[in-house]
Amino acid sequence: MSDEPAGTAGRPRRLRVVLVTSTVGLLAMVGAAVLPGTAAAASTLGASAAERGGRYFGTAVAANKLNDSAYTTILNREFNQVTPENEMKIDATEPQQGQFTYGNADRIVQHALSRGMRVRGHTLAWHSQQPGWMQAMSGSALRNAMLNHVTQVATHFRGKVAWWDVVNEAYADGGSGARRDSNLQRTGNDWIEAAFRAADQADPNAQLCYNDYNIDNWNDAKTQAVYRMVQDFKNRGVPIDCVGLQSHFTGGSNYPSNYRTTLSSFAALGVDVHITELDIRNAPSDAYRNVVNDCLAVSRCKGITVWGIRDSDSWRSGESPLLFDSGGNKKPAYNAVLTALNNGTAPTTPPGGGCTTSVTPGTVWGDRYNTSVTVSGASTWTVVVAITRPQTVSTTWNGSASWDGGNSLLTMRSNGSGNTFGFTTMMNGNSGARPQIRSCTAG
Ligand code: G3I
């Protein structure tokens, strides 16, 4: 599909992720078929998505369900991406001004990263779920508090969050195409770009997204308004990498037949697109299949996140909109999604010579830890890995290493030692961050 512009112009000092890669973890690897054209169909959503050009298939996760083994069994088996459902929101992370609480969010992040799942941060700036102190603020005091919140939270999760929903739901519903009225909007129309710039400063390696609902139908005024904002940001160099379409086809909002046009139109602006909160009333197989096929048809559609695992986990449980029933059984829509993923023609090795990677966490010591990376889809390869400072790499094996970006970008090239390379990272006081794969190139 020619949904991307020829160029990949972007934020000048941010490393662009233009090549397909995946960081499928230890558990996902077990179910993953790795070599294109030779393997049996993948048996889980995450493994199959990873085979479709390094995409992910993820879910919203609630921290208070991580001790429910029926829940975590499905989570760990099926998904290779996680979005905290409520735990990174402003009321959760800064309940009192200047006092940050990360316990529940950290638990989800730890659960995900230790299993090789990527994390979407949700959300840094939003009119909703503000703590009382923020709801009571206005003007420059609110603007500064919002920017400080963005900076603090993005800094805390630096090196752990792959994508941030920097700003959520800033446009009004209906036909006006206007910004949503809110205390943040009343601080000035530039509040959105100010939030993106603050997030870029705090975490230059995270991909920064604008996220909204009811921007699925290409003909809707709200979709067009968000499109024009992203176009304007790209034209003016505001650091934006991606658009998240929540795609809640619940509560009377339906899957639109022009959804693929919407995805490809945003992608043509030079941003990635993500389906970030998918749920569909009564979980019809056709609509779920269509969403998967539309994402696979647009190479910049990087993955799909469903908004919960079982129907009983859904914010709209009465509509039974998810892929697993309340007993944790796979529904017909699950099979439709897995089959669509497995039948997808999206290339494992995309045009331009990409390859895919699987990351396996290794031994952890007090001061350092090992990581190994297996490359699929190419016998000679170049993989770029981002290291979060102050962490450093002390040793590498089974590849030839070179360094860039102030020694925060490790490039490993195949050297005839096979398709799995590894390295030891010194924590240097940061015990939480883990290396992130930035690109995988064949040759
Ligand atoms: O945890 C408390 C519990 O202690 C209390 O007894 C109960 C009583 O109301 O509330 C519980 O908190 C609720 C929380 O979900 C956890 O279940 C909140 O009231 C409730 O407002 C909150 O709803 C969340 C909603 O965002 C809030 O806006 C949903 O879980 C969450 O799925 C939903 O997610 C949003 C995305 O962030 C943005 N896009 C739309 C999406 C669906 O609304």
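Begin by selecting Phe-100, Tyr-102, Phe-157 and Trp-164, which together form one aromatic cluster. What you have open is a predicted model, in which local features need pLDDT of at least 70 and side-chain atom pairs count only at pLDDT 80 or more, while totals for chains, interfaces and linings use all residues. Residues are numbered from 1 along each chain as its sequence is written, and side-chain values use heavy atoms, with hydrogens and water left out.

The structure holds 15 aromatic pairs, a pair being two rings of Phe, Tyr or Trp (its six-membered ring) with centres within 6.5 Å, called stacked if the planes are under 30 degrees apart, edge-to-face if over 60 and tilted for the rest. Select Phe-196 and Phe-233, whose ring centres lie 6.1 Å apart with planes at 70°, so that this pair is edge-to-face. The pair links distant parts of the chain, 37 residues apart, with Phe-196 in helix 8 (residues 191-202) and Phe-233 in helix 9 (residues 221-236); helices (H or I, at least four residues) and strands (E, at least two) are DSSP runs numbered from the N terminus. Both Phe-196 and Phe-233 are buried, where buried means under 20% relative accessible area, exposed over 50% and partly exposed in between, with a 1.4 Å probe and protein chains only.

Phe-421 counts as buried at 0% relative accessibility, and Phe-423 counts as buried at 1%.

Now display strand 13 and strand 16 (residues 420-426), which run antiparallel and are joined by five bridges; Thr-395 has Thr-424 in strand 16 as its bridge partner. Widening the view shows an open sheet of four strands in the order 10-11-16-13, with antiparallel pairing (two strands pair if DSSP finds at least two bridges between them). Strand 10 (356-364) and strand 13 (392-397) stand at the edges, each with a single partner strand, so one side of each is left without a neighbour in the sheet.

Finish at helix 12 (residues 332-343), where Ala-333, Tyr-334, Ala-336, Val-337, Leu-338, Ala-340 and Leu-341 are buried.
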